[in-house]
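Let us follow the charged side chains through a protein. Keep the sequence and the 3D view side by side.

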Amino acid sequence: MRIARFTTGDDPQFGVITGDIDELGQPADDSLVTVLRGDPLYTGIEPTDQQVRLADVRLLAPVIPRSKVVAIGKNYAAHAAEMGGDLPPEPLMFLKPNTSVVGPGDPVFYPRQTTELHYEGELAVVIGRICRDVPAEQATDVILGYTVANDVTARDLQRSDGQWSRAKGFDSFCPLGPWIETDLDPHDFAEGRAVQTHLNGDLVQDGSTRDLVFDIPTLVAHISSVMTLLPGDVILTGTPEGVGPMHVGDEVEVSIAGLGTLTNRVVARD
Ligand code: MG
């Protein structure tokens, strides 16, 4: 099931998308959205008898995390190497504020404070239930589904600050979308799903979730041993190698095979 959050010009609604998707997760032109009653994270899946065409809606971030985005650094060996460091011995956690979340098609604002804005295409995990101390073997019980993320980073500020709250935390630094896919599980990602980033149409990251150093159950167990996870919290699982700069006017697309493509454009901040 693909759960989307969307608007037709009025208040945001949730819906389930029906229709074929291609290998990269692009939906067919005739896809429909069955409108749901309420927010599925809190009320469950309650379909109404109302349907709209996917082509007639604007997709929004499929979830606004109630409390936090927990992100993992250096979780692909080749990316850790390109950053000039060793692999961390256990998952390296940091937080992005929920105010950094934007949706498909929304602008990523280029802050005045940086001259080195980078993309990081990533698989995102959406938590479905309040939980803490989750054993790895029960991680799937607390996962609602998966979406695509861009862990936008001010690389120069990441280096100069020493910790990453500012470098990773500006408004618009966490595009999520285009929807939440609930029919995949950690096994699918362990087998390998392509994670690709295109910048202005050029392929700049070409990784696979097969190469995650710490897999999804391990991340859920590790994070929930530190902090309670709430419904709608999001885990970013790390980026493959190939990170690099974006400039004002650039279009960045992050795709995960079978999951979808998240597209955003970089815009100057006033
Ligand atoms: Mg990252």
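How many salt bridges does a search of the whole structure find? The search finds 13. A salt bridge here means a side-chain nitrogen of Lys or Arg within 4 Å of a carboxyl oxygen of Asp or Glu. Side chains of opposite charge can pair when their charged atoms come close.

This is a predicted model: local features need pLDDT of at least 70, side-chain atom pairs count only at pLDDT 80 or more, and totals for chains, interfaces and linings use all residues. Residues are numbered from 1 along each chain as its sequence is written, and side-chain values use heavy atoms, with hydrogens and water left out.

Start with Lys 96 and Asp 151. Their closest N and O atoms are 2.6 Å apart. Lys 96 sits in strand 7 (residues 92-96), while Asp 151 is in the loop between strand 12 (143-150) and strand 13 (153-154). Strands are DSSP runs (E, at least two residues), numbered from the N terminus. The two residues are 55 apart in the chain. Lys 96 is buried, at 1% relative accessible area. Asp 151 is buried too, at 1%. Buried means under 20%, exposed over 50%, and partly exposed in between (1.4 Å probe, protein chains only).

Now find Asp 106 and Arg 58. This salt bridge has its closest N and O atoms 3.4 Å apart. Asp 106 lies in the loop between strand 8 (101-102) and strand 9 (107-110), and Arg 58 in strand 5 (residues 58-60), so the pair ties together parts 48 residues apart in sequence. Arg 58 is partly exposed, at 45%.

Last, look at Arg 132 and Asp 133. Their side chains meet in a salt bridge at 3.8 Å, N to O. Arg 132 is exposed, at 57%.

Key
Helices (H or I, at least four residues) and strands (E, at least two) are DSSP runs, numbered from the N terminus.
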